[in-house]
Amino acid sequence: MEQQWHPDMQRRILAGPTARAWQHAGSVLLVVSLASFGILTVGIGLSLVGIVPKDLPYLYVTLVVFLTSVLLVGRGSFSPMMWVVERREKQERAEGYTTALSAVYEDDIAVDVVDWRTRRVIRMAYEPLVESKYFADKQAQIRDRIRLVRTESRTPRDGLRRGPEGPS
């Protein structure tokens with residue numbers, strides 16, 4: 001008998017940050033680099049027109065933050081964050097699951113797709129998504145499943161109290 005997906009399905013995952021957590025960290029670094037670039041641009045622009053900020057050292061700190069975040073995010077084949085994400089994703093797939101949300105839309109995904117926050121299965125291996133010619137319908141199905149697994153993870157069962165450490 002074929003197993004049906006249920007929001008209570010959990011999966012044991014590797015210790016440490018997931019591939020999705022690393023992707024999230026890369027996104028935050030990208031935002032930090034863009035924000036620091038904006039601060040640098042304004043600061044340098046002001047100094048060019050003769051308005052020198054009283055606290056000039058903030059420009060040096062901002063420059064260091066900008067350069068560090070740009071080096072970590074990188075571009076193309078030189079992207080340390082991409083290397084970390086790809087390495088972790090390969091480890092996860094070798095264990096039979098992935099937390100990379102982009103994988104949830106693969107046609108015949110050979111591994112379970114797991115929510116990186118709750119460690120619950122969003123989509124089982126080889127499970128077909130809703131039949132629709134519209135991609136938005138598939139996105140809605142996945143959004144609903146993510147909402148369900150996150151709600152289910154907060155719901156106590158059989159009088160057990162579930163906290164960050166699990167049932168007690």
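**Order of elements**

I followed the chain from the N terminus and noted its elements in the order α-α-α-β-β-β-α-β-β, where helices (H or I, at least four residues) and strands (E, at least two) are DSSP runs, numbered from the N terminus. I wrote this down as 4 helices and 5 strands. I am working from a predicted model, in which local features need pLDDT of at least 70, side-chain atom pairs count only at pLDDT 80 or more, and totals for chains, interfaces and linings use all residues. Residues are numbered from 1 along each chain as its sequence is written, and side-chain values use heavy atoms, with hydrogens and water left out.

**Confidence**

I looked up the pLDDT, which is the predictor's confidence in each residue, from 0 to 100. The chain averages 85, and 90% of the residues score at least 70.

**Helices α1 and α2**

Two packed helices are described by the angle between their axes and the distance between the axes. I found that the axes of α1 and helix α2 (residues 57–73) come within 8 Å and cross at roughly 145°; axes are lines fitted to C-alpha atoms, for helices over the stretch in contact, and angles run from 0 to 180 degrees between N-to-C directions. This crossing is left-handed, meaning that the near helix is turned anticlockwise from the far one by less than a right angle. On the α1 side I listed residues including Leu29, Phe37 and Leu40, and on the α2 side residues including Leu59, Phe66 and Val70. The residues of this contact divide into 14 nonpolar, 6 polar and no charged, where Ala, Val, Leu, Ile, Met, Phe, Trp, Tyr, Cys and Pro count as nonpolar, Asp, Glu, Lys and Arg as charged, and the others, Gly among them, as polar.

**Salt bridges**

How many salt bridges does a search of the whole structure find? I noted 8, a salt bridge being a side-chain nitrogen of Lys or Arg within 4 Å of a carboxyl oxygen of Asp or Glu.

Arg120 pairs with Asp8, with the closest N and O atoms 2.6 Å apart. Arg120 lies in the loop between β2 (112–114) and β3 (121–123) and Asp8 in the segment before α1 (19–48), so the pair ties together parts that are 112 residues apart in sequence. Arg120 counts as buried at 1% relative accessibility, whereas Asp8, at 31%, counts as partly exposed; buried means under 20% relative accessible area, exposed over 50%, and partly exposed in between (1.4 Å probe, protein chains only).

Glu127 forms a salt bridge with Arg145, and here the closest N and O atoms are 2.6 Å apart. Because Glu127 lies in the loop between β3 and α4 (135–154) and Arg145 in helix α4, the pair ties together parts that are 18 residues apart in sequence. Both Glu127 and Arg145 are buried.

Arg93 and Glu89 approach to 3.7 Å between their closest N and O atoms, and, being 4 residues apart in helix α3 (residues 80–94), they are separated by about one helical turn. I also noted that Glu89, Arg93 and Glu106 are linked in a network of salt bridges.

Methods
Contact = heavy atoms within 4.5 Å.
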